[in-house]
Amino acid sequence: MVSRAQSRFSSQRTWLVAAVVLAVLCSFGVQRAAAGIINAECPNMIGNRDIYKKVDWICEDCANIFRIDGLGMLCRKNCFRNIDFLWCVYASERHAQKDDLTRYVSILGQ
């Protein structure tokens, strides 16, 4: 016969294990979601965050300069491989950096 103390201990242990498993699963889900929110279209972004930040900064500047709704999203579309990104490079007067930025975009989109 199982005593009340053993039954209570078993119940608490079950709840503790369930809570730990749930916390671990939620942690993985949050990490994957956070990575996907940044830019799901750039497959190599995770290993090249510094490069991504440099390229993304162009879109941020462009969106802040022109205040056009959705311009940042258009600039980032297709992992920065679009005419809007190039327009933002020239509009933000970063002509000298164009070759470097083009190389960064090709690294991110491989």
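Modeller: Contact here means heavy atoms within 4.5 Å. The model is predicted. In that sense, the buried residues of α4 pack against α2 (49–66), α3 (71–76) and α5 (98–108). Helix α4 covers residues 83–91, and its buried residues are Phe 85, Cys 88 and Val 89. Viewed down the axis of α4, these buried residues fall within an arc of 105 degrees, so they line one face of the helix. At the N-terminal end, Asn 82 caps α4, with a side-chain oxygen 2.9 Å from the backbone nitrogen of Asp 84. Just after α4, Glu 93 has a positive phi of about 55 degrees.

Cys 88 also takes part in a disulfide with Cys 62, S to S 2.2 Å. The torsion about that S-S bond is about -75 degrees, so the disulfide is left-handed. The pair links distant parts of the chain, Cys 62 in helix α2 and Cys 88 in helix α4, 26 residues apart. Relative accessibility is 0% for Cys 88, which counts as buried, and Cys 62 is buried at 1%.

The count comes to three disulfides. Cys 59 and Cys 75 form one, their sulfur atoms 2.0 Å apart; with -70 degrees about the S-S bond, this link is left-handed. It joins helix α2, which holds Cys 59, to helix α3, which holds Cys 75. Cys 42 and Cys 79 form another, with sulfur atoms 2.1 Å apart. Its torsion of about 115 degrees makes it right-handed. Cys 42 lies in the loop between α1 (4–39) and α2, and Cys 79 in the loop between α3 and α4. With bonded cysteines counted along the chain, the pattern is 1-5, 2-4, 3-6.

Notes. Residues numbered from 1 in each chain as written. Predicted model: local features only at pLDDT ≥ 70, side-chain atom pairs only at ≥ 80, totals over all residues. Heavy atoms only, no water. Buried < 20%, exposed > 50% of the residue type's maximum accessible area, 1.4 Å probe, protein only. Helix = DSSP H or I, 4+ residues; strand = E, 2+ residues; numbered from the N terminus. Arc of directions from axis to C-beta. Polar contact = N/O pair within 3.5 Å; in protein donor to acceptor, adjacent residues only side chain to side chain. Disulfide = S-S within 2.5 Å.
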